[in-house]
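Biologist: I would like to go through this structure with you, one question at a time. Please give the cut-offs as the terms come up.

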Amino acid sequence: MHAIGTGSRERVVAVDPYAPFPVSADPGRWSLARTVVPTGVGPVVVHHRVGSDPMLLLHGVAGSWSTWTPLLQAAGGVPGRGLVLVDLPGWGSSPAPAAPLGIDEAVDVLTAVLDALGIDAVDVVGHSMGAFVAMHLAVRARGRVRSVALVSGTTVATAAAARHPWRGVLRLPAFALLRAGLAVTRETARPVLRGLARVGLLPLLAAPVFTHVRHLDRSVLDAFVDELRPTAFLGAARSAATYDLDRWRAVTCPVTAVAGRDDVFARVSDLDALGALLPQVRTVLLDDCGHFAHVEHPDAVARVLGIA
């Protein structure tokens, strides 16, 4: 890998193998303990490990704690550091709350998790929706967030598409069409996806999300199907539509934003837009990469985050 300066943005050309690691649901491999934390919206499942300089990893709308395992493998398990991997309410093994989770409620959940684990401060890494939540955590709990890393974050363009759905069809069609489709099908979408997987058609549906869908380990696509939560996705989109991104100007900790050039759920221009909101942000563009940078190029992401 080498970095090429393009103005204030780093362009990273990844020479590592594409999507080299499977998604694993074995927490023992990284000495993670499973804990259920009571919160104001219900119990939340957390996989964690005690250690110095803990990292909090937040999944996206088609993810859970296990979505991060390719990055953990690329980073050799991040030895010596504490890890906190949360299944947000309604995702993974955490039961769905009575109403879709709003972004303030998500931050309240994370604060309850950190309190329960006795953790004062964390470095936060968020993917997709998790990146949005990570930024709001840095707004609401500035003293507890040492740094934020946005990995394939759905940020500025996604919020605009959520606020203006018809414009979103033109500017961010994958997000707008997925939102419209799930608004109609809701939870029936999940058995449909499983049916497509059984007859071998899932790669066609997932192809826009990953740059080289045919190169993925089967575990990645299985997780993609299992972890998609239509109702929770629609709730997250509603939260993004009403969120004031100017609140992020209050974030004073270091922020790194990593994006894939082929991402259909975000735009490359988001990196420049984040630079306008956060003058000190470090932005990195990954070639040959879609919406799951930590799965498609985990070695490059690990190096960018300084955990390789």
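The questions below move from the whole chain to single residues.

Modeller: This is a predicted model, in which local features need pLDDT of at least 70, side-chain atom pairs count only at pLDDT 80 or more, and totals for chains, interfaces and linings use all residues. Residues are numbered from 1 along each chain as its sequence is written, and side-chain values use heavy atoms, with hydrogens and water left out.

Biologist: How many helices and strands does the secondary structure of the chain come to?
Modeller: Helices (H or I, at least four residues) and strands (E, at least two) are DSSP runs, numbered from the N terminus. Counted that way, the chain has 13 helices and 10 strands.

Biologist: What percentage of the residues of the chain count as buried?
Modeller: Buried means under 20% relative accessible area, exposed over 50%, and partly exposed in between, with a 1.4 Å probe and protein chains only. The chain has 308 residues, and the buried share of them is 58%.

Biologist: Which residues is V86 in contact with, leaving aside its neighbours within four places in sequence?
Modeller: Contact means heavy atoms within 4.5 Å. By that rule, the partners of V86 are V44, V45, V46, L56, L57, H59, W65, L110 and V113.

Biologist: Is T155 buried or exposed?
Modeller: T155 sits in the loop between β8 (145-151) and α4 (156-163). Not counting residues up to four places away in sequence, T155 touches F132, L150, W248, D270 and L274. Its relative accessibility is 1%, so T155 is buried.

Biologist: Why do the buried residues of α11 line one face of the helix?
Modeller: In helix α11 (residues 269-277), the buried residues are D270, L271, L274 and L277. Seen down the axis, they line one face because they fall within a limited arc, taken from the directions from the helix axis to the C-beta atoms. An α-helix has 3.6 residues a turn, so residues three or four places apart point the same way. The arc for α11 is 115 degrees.

Biologist: Which residues do salt bridges that share partners join into one network?
Modeller: A salt bridge is a side-chain nitrogen of Lys or Arg within 4 Å of a carboxyl oxygen of Asp or Glu. R81 and D123 meet in one (2.7 Å, N to O); R81 lies in strand β6 (residues 81-87) and D123 in strand β7 (residues 122-127), so the pair ties together parts that are 42 residues apart in sequence. D123 also forms one with R146, with the closest N and O atoms 3.1 Å apart. The network therefore consists of R81, D123 and R146.

Biologist: Why is the pair of F210 and F224 edge-to-face?
Modeller: Rings of Phe, Tyr and Trp (its six-membered ring) pair if their centres lie within 6.5 Å; planes under 30 degrees apart count as stacked, over 60 as edge-to-face and the rest as tilted. The centres of F210 and F224 are 6.0 Å apart, and both residues are buried. The pair is edge-to-face because its planes are at 75 degrees.

Biologist: Which residues form one aromatic cluster?
Modeller: The count of aromatic pairs comes to 6. The cluster is made up of F132, Y243 and W248.
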